[in-house]
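Keep the viewer open while you read.

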Amino acid sequence: MDRVILQKWLKSGYMEKHVLHESMDGTPQGGIISPALANCALDGLERLLQEKFPAGKRLKSLGGEKPCVHLVRYADDFVITSKSKELLEGEIKPLVEQFLQERGLELSPTKTVITHVEHGFDFLGQNVRRYPNGKLLIKPSKKNVGTFLNGIRRIIKAAHGVSASDLIDQLNPKIRGWANYHRHVVSKRIFGRVDHTIFSNLWQWARRRHPNKPQRWVNLKYFERRRDRDRVFFGETCDDEGRPKKVWLFHAQSTPIRRQVKVKGEANPYDPTYETYFEEREGAHMLETFRGIGTLRYLWHEQRGLCTLCNTTITRITGWRLHYCVPRVKGGSTGATNCVLLHPECHDRVHRQRLPVSKPRLL
């Protein structure tokens, strides 16, 4: 990364609503520029480790065993794994420090820890640990769960004079967002404990609002059975037309657990070589979301159930692939207006022969 270009870019200002603003301060903590800069600065670290410790190479210092060095990185947070603590301390850590020093960076002494996987470690709000039964499990970390619940308690305690429906409007986005973040790991039991803790806090909130009412009255006013769950917190409000309706508290345990498929480290969504790869990922992701399912259904009806290339029926048996009419490398969007459904073999043919594909005309 060219430091001169970076320095000019940071001082170049930014445009908002066609007005140029000067850049007087540095990048804020948590801003979108910080992870972008971290990705630029740390790009090449994984390649350096692969060159220094090839996957099939055996080291004499390890008794002829393979080092098994792997890097997992997200912005400026990363984990490096190896078979030996001595290898991490003696060779890998100095190599990383030299890599960072060339870029004007250094490892944080408080955050840099070398530990055994059986003791576990926290990474991005999750705990990675191999348990005595030999299973390696990734769970939400205790610190992350505690921070989340403390935030929920603050919202509930501050809700003096707030209606139940307004309180639910504040809680639901936070609970849903936190649960979605952890839905790819072993979280089901922790989700249940979090739901129980939130229920206890809401029960105390309801009792404080009506100290002279019996528990049965409070239970009937704020809690109700819904589907297969007893005592679900709810509130009453009105829709846009003024008709009364009920809103319900979202439960973390209702979030389905879905395993995340890691993105290839070398894959770039703006590289034509990986266009097919990201189209397949996007199609699989859409199947897992209500919005995505609706988009697929819309595209299927728009095409009258036919493949845009071969004009034959698309079914669950034939399968399908999502294709961008204008590639993302050329500025195409990921919206439905730029997408069509193709048969898998037609999709391969389009990319292999570079055939143009356009949206079907509606008659």
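## Two buried residues

A quick definition before we start: a residue counts as buried when its relative accessible area is under 20%. T255 has a relative accessible area of 2%, so T255 is buried. One thing to keep in mind throughout is that this is a predicted model. You'll find T255 in the loop between strand 10 and helix 9, the helix that covers 275-287. Leaving aside residues up to four places away in sequence, T255 touches A179, N180, R183, K188, F191 and F250.

What about H323, buried or exposed? H323 is buried, because its relative accessible area comes to 5%, under the 20% cut-off. H323 belongs to strand 11, which takes in residues 321-324. Its contacts, again without residues up to four places away in sequence, are E279, N338, C339, V340, L342, H347, V350, H351 and V357.

Next up is an open sheet of three strands, in the order 8-9-10 and with antiparallel pairing. Which strands stand at the edges? Those are strand 8 (223-226) and strand 10 (244-248). Each has a single partner strand, so one side of each is left without a neighbour in the sheet. From one strand to the next, the twist averages 55 degrees.

Zoom in on strands 8 and 9, and you'll see that they run antiparallel and are joined by three bridges. Strand 9 spans residues 229-238, and its V232 stands opposite E224. Two helices pack on this sheet. Helix 6 (residues 164-181) touches strand 9 and strand 10, and its direction makes about 110 degrees with that of strand 9. Helix 7 (residues 188-209) touches strand 8 and strand 9 instead, with its direction at about 55 degrees to that of strand 9.

## Salt bridges

How many salt bridges are there? The count comes to six, taking a side-chain nitrogen of Lys or Arg within 4 Å of a carboxyl oxygen of Asp or Glu as the rule. One of them pairs R225 with D230, and the closest N and O atoms there are 2.2 Å apart. Another joins E102 to R103, with the closest N and O atoms 3.6 Å apart. E102 counts as exposed because its relative accessibility is 51%, while R103, at 31%, counts as partly exposed.

Then there's E118 with R130, where the closest N and O atoms are 3.3 Å apart. This pair links distant parts of the chain, 12 residues apart: E118 sits in the loop between helix 4 (85-101) and strand 5 (121-123), and R130 sits in strand 6 (residues 126-130). E118 has 43% relative accessibility, so it counts as partly exposed. R130 also counts as partly exposed, at 33%.

## A nonpolar surface patch

Last stop, the surface. Which residues form a nonpolar patch there? They are W9, L10, I32 and I33, and together they have about 410 Å² of accessible area. W9 is found in helix 1, which runs over residues 3-10. With a relative accessible area of 45%, W9 is partly exposed.

Technical notes:
Residues are numbered from 1 along each chain as its sequence is written. This is a predicted model: local features need pLDDT of at least 70, side-chain atom pairs count only at pLDDT 80 or more; totals for chains, interfaces and linings use all residues. Side-chain values use heavy atoms; hydrogens and water are left out. Helices (H or I, at least four residues) and strands (E, at least two) are DSSP runs, numbered from the N terminus. Buried means under 20% relative accessible area, exposed over 50%, partly exposed in between (1.4 Å probe, protein chains only). Contact means heavy atoms within 4.5 Å. Patches are made of residues with over 30% relative accessible area and no salt bridge: like charges are joined within 9 Å, nonpolar side chains (Val, Leu, Ile, Met, Phe, Trp, Tyr) within 5 Å. Accessible areas come from the Shrake-Rupley method with a 1.4 Å probe; for residues, only the protein chains shown count as cover. Two strands pair if DSSP finds at least two bridges between them. Axes are lines fitted to C-alpha atoms, for helices over the stretch in contact, and angles run from 0 to 180 degrees between N-to-C directions.
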